[in-house]
Amino acid sequence: MGIESIIHFIQDDAILLMLLTPLLAGIFCAWIGTRREMGAISVTGSMITLLFGLLLVDKVLANGSASALNNFLYADGLSAYLVLIISVIGLLANIYSVSYIHEEYAQGTIDAGRLRLYHFLLNLFLFTMLSAVVANNLGVLWVMVEGTTLASAFLVGLYDREESVEAAWKYLILGSVGITFALFGTILVYFSAQSAFQNGAGSLNWTDLSNPAIAHLLDPSILKLAFIFLLVGYGTKAGLAPMHTWLPDAHSHAPTPISALLSGVLINAAMYGILRYHHLLLASPVTAGFSANLLLIFGLLSIGIATPFILVQKDYKRLFAYSSIKHMGLIAVGIGLGTPLSQFGSLLHVLNHALSKALAFMGAGNILLKYHTREIFRVVGAAKIMPFAAIFFFLGTLAISGVPPFGTFLSEFLILAAGFSAGRYWISGFVLLFLAIAFAGFIIHASRMVFGSAPEGVVPEEAPAMRLWPMALLVFLVLLLGLYIPNPLHTLLQQAIAAVNVP
Amino acid sequence: MPFCSTDLGLTFDPQIGERLIDLFAAFMLVCSLLFLATERRRLHVRLYAFQSLSLAIVAFSVAFFQCERHIFIAAILTLILKVIIIPIVMERILHRLIPQQTVKPAINIPASLLIAGGLVLAADLLTQSILATGHQFALAQNVLTISIAVMLLALLTMVTRKKALTQVIGFLSMENGLFLAGITITAGMPMIVELGVFFDVLVAFFIMGVFLYRISETFDTINLERLTKLKH
């Protein structure tokens with residue numbers, strides 16, 4: 001058997017293997033790993049996951065889709081694109097967290113039991129997110145999105161502080177209640193599917209529902225009603241205003257590697273759910289404008305609500321959390337505008353935002369471990385204390401505020417350009433204004449933290465390599481995406497847009 | 001499973017099944033209203049158990065009279081998990097947690113019952129708008145109205161009561177309403193989804209239970225009034 005046929009053999013089951021790896025890694029961490037081994041197991045696990053993820057992407061690029069277990073798992077361009085994002089950020093966050101969480105252990109912030117729980121749940125969290133985006137059945141998608149809340153609730157409340165427990169409680173309750181609405185929406189879609197299928201049996205499989213012949217038969221007014229519930233439900237998890245109130249708490253009080261995953265990846269997985277249903281509504285001319293307009297409204301509201309909080313923020317992890325709300329709003333607006341260019345920009349922004357937000361949170365984590373405070377005003381002169389970590393942090397802040405030549409600038413520019421060229425001047429002008437305001441806020445906050453003279457009592461010491469290399473790689477990636485989009489990524493994006501749009 | 005009406009060779013007046021379902025669905029709504037009308041936590045747990053029992057009976061009736069066999073599994077799971085296990089665990093938690101002083105609800109009882117009436121009307125309007133599409137449900141439309149109303153009332157309970165335990169019960173009751181909608185309008189979801197939902201709700205309940213302990217340890221209370229550390 002040659003190497004080619006081995007690759008083909010693995011590739012056929014890439015989806016399944018990709019899901020099993022983090023699950024196994026989590027179980028190994030929980031039962032047999034010693035303190036030192038747990039980190040190694042997690043990192044190795046997420047490396048293998050990324051490898052299978054890349055094989056899956058390769059297969060989707062070649063065939064347009066991939067499936068496993070009798071079509072129970074199914075991946076098209078959009079799924080593969082999210083798998084790529086989840087597994088890349090998952091790996092980097094894992095590498096970073098080995099150093100981060102062990103330093104917290106050494107400092108006595110958490111005990112050995114919590115350390116084990118952390119590694120177990122981190123892998124489980126990755127598993128639930130990956131399963132959500134490759135589930136063919138929309139009901140299973142719901143089960144897995146609720147699973148992400150359950151897997152990450154203890155991660156958010158890892159520390160025994162009052163704020164952490166409160167943040168985790170809010171996250172758990174609002175996340176679960178919000179998602180209950182999404183299940184009601186799913187039931188309504190299933191209801192309309194039952195009358196659309198010839199035999200009346202109905203189906204929630206994406207491969208059945210997205211078939212144009214079926215999608216046309218779904219009842220428009222029930223779909224509209226369902227979409228409202230789904231948007232509120234998945235929108236809660238995606239951090240769209242006004243359902244965003246849990247997000248700044250959870251994202252800022254979680255351990256920093258988890259913040260990076262929550263803000264960089266999880267909210268995108270929730271947005272994925274919305275995009276799937278948006279596609280169903282686009283299939284019929286009666287409902288097409290309805291979902292697009294709702295996305296625009298919620299998107300603009302998110303941008304409008306998050307930006308003032310960015311300006312007045314006193315806590316730098318909260319600052320990045322509010323920025324996530326703003327960016328999700330922007331992504332929703334781009335999808336809602338509905339031109340091919342704006343959708344391309346939006347989907348590209350999903351990747352850019354994930355990379356730069358992970359970068360920003362990793363930078364915030366380095367500062368937090370050194371200064372032991374989350375208050376912006378008590379952090380000064382980070383560049384004198386740990387030059388590389390501070391520079392990467394500053395670059396991360398520039399990246400999330402959309403400065404050229406970072407990738408975020410390109411994708412924001414594409415969305416705005418698409419808006420203006422489609423004649424949506426008010427919407428684009430509003431977005432442009434608020435992006436500019438948020439930009440100013442970020443630069444003021446970040447330069448205050450990074451530059452200036454070093455304070456007394458903080459020992460100058462560079463962050464360890466395990467916490468610098470993932471950041472260096474992220475800086476490289478987000479810069480690269482601003483200058484040049486590799487061909488395979490471009491093809492994958494085109495396939496993902498095809499999955500959002502109806503030809 | 002040779003359990004349903006036609007297997008046994010019995011013929012019923014179709015109205016009997018529907019009336020039974022309507023009756024027990026109405027009991028569920030009454031439970032939701034009583035949640036709002038009382039402040040006693042032990043009573044809340046009992047009400048939840050009774051609401052779940054009514055749900056289980058509705059599920060059995062649908063399975064039996066409409067011959068939707070796979071709903072038997074859901075009905076049995078409801079009976080075991082929601083009528084027996086969850087209420088027992090909740091009683092335990094109540095015993096172990098330190099006794100609490102009563103907290104005033106954000107909105108007083110008469111006012112919240114008034115709002116509840118409005119929400120039931122809203123649920124009915126929503127149902128009418130779904131019915132206006134000309135679709136026929138497997139069951140009478142009253143049940144859909146009730147299921148939406150149960151969800152909305154549970155949400156109202158969660159919003160107006162500042163007790164952690166009441167919020168957990170609110171969430172569980174909301175899920176009951178959702179489940180009623182599932183069996184009424186679509187005669188259940190695909191099996192794998194239904195089992196997944198059960199699993200999620202159970203895990204969510206246990207995680208919430210653990211957090212109840214952690215809140216009471218960290219804050220010396222499980223009244224959420226004290227949870228005000230987080231601002232903007």
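In which helix of chain A is the place of A:His349? In this predicted model, A:His349 lies in helix α15 of chain A. The residue has 0% relative accessibility, and it therefore counts as buried, the cut-off being under 20%. Two polar contacts involve its side chain. One joins A:His349 to the side chain of A:His327 at 2.9 Å. The other joins A:His349 to the side chain of A:Ser411, also at 2.9 Å. Residues up to four places away in sequence aside, A:His349 touches A:His327, A:Leu330, A:Ile331, A:Ala354, A:Thr408, A:Ser411, A:Glu412 and A:Ile415.

Helix α15 of chain A, residues 340–371, is also one of the elements packed against helix α17 of chain A. Helix α17(A) covers residues 387–400 and has 14 residues. Among the buried residues are three phenylalanines, A:Phe392, A:Phe393 and A:Phe394. A:Ala389, A:Ala390, A:Gly396, A:Thr397, A:Leu398, A:Ala399 and A:Ile400 are buried as well. The buried residues of α17(A) pack against α14 (316–337), α15 (340–371) and α16 (382–385) of chain A, and also against α18 (407–421), α19 (425–450) and α20 (469–483) of that chain. Just after α17(A) comes A:Gly402, with a positive phi of about 80°.

Chain B contains seven helices and zero strands. Along the sequence its pattern reads α-α-α-α-α-α-α. The chain has 232 residues, and 54% of them count as buried. Contacts between residues at least 6 apart in the sequence of chain B were also examined. Of these, 77% join residues at least 24 apart. Helix α5(B) is mostly covered, with 15 of its 20 residues buried.

Chains A and B meet at an interface. Chain A contributes 51 residues to the contact, and chain B contributes 46 residues. The area buried between the two chains is about 4300 Å². Carbon and sulfur atoms give 78% of that area. Four residue pairs are in polar contact across the interface of chain B and chain A, both residues of each pair being at pLDDT 80 or more. On chain B, four helices each supply at least two residues of the side that touches chain A: α4 (109–131), α5 (141–160), α6 (164–185) and α7 (191–219). Helix α7(B) gives the most, with 16 residues. By class, this side of chain B holds 31 nonpolar, eleven polar and four charged residues.

Salt bridges complete the picture. The structure holds 13 of them over all chains. The count between chain B and chain A is one. In that bridge, B:Arg214 pairs with A:Asp160, and the closest N and O atoms are 3.1 Å apart. The pair crosses between chains, from helix α7 of chain B to the loop between α6 and α7 of chain A. B:Arg214 counts as buried because its relative accessibility is 7%. A:Asp160 counts as exposed because its relative accessibility is 51%.

A:Asp160 also forms a salt bridge within chain A. Its partner there is A:Arg114, with the closest N and O atoms 3.3 Å apart. This pair links distant parts of the chain, 46 residues apart: A:Arg114 sits in helix α5 (residues 112–134), and A:Asp160 sits in the loop between α6 (138–156) and α7 (162–196).

Another salt bridge joins A:Lys170 and A:Asp249, whose closest N and O atoms are 2.6 Å apart. These residues are 79 apart in the chain, A:Lys170 in helix α7 and A:Asp249 in helix α11 (residues 247–253) of chain A. A:Lys170 is partly exposed, with a relative accessible area of 27%. A:Asp249 counts as buried, at 3% relative accessibility.

Note on methods. Residues numbered from 1 in each chain as written. Chains lettered and ligands numbered in written order. Predicted model: local features only at pLDDT ≥ 70, side-chain atom pairs only at ≥ 80, totals over all residues. Heavy atoms only, no water. Contact = heavy atoms within 4.5 Å. Buried area = accessible area lost by both parts, 1.4 Å probe. Salt bridge = Lys/Arg side-chain N within 4 Å of Asp/Glu carboxyl O. Polar contact = N/O pair within 3.5 Å; in protein donor to acceptor, adjacent residues only side chain to side chain. Nonpolar A, V, L, I, M, F, W, Y, C, P; charged D, E, K, R; others polar. Expected span 1.5 Å × (residues − 1). Buried < 20%, exposed > 50% of the residue type's maximum accessible area, 1.4 Å probe, protein only.
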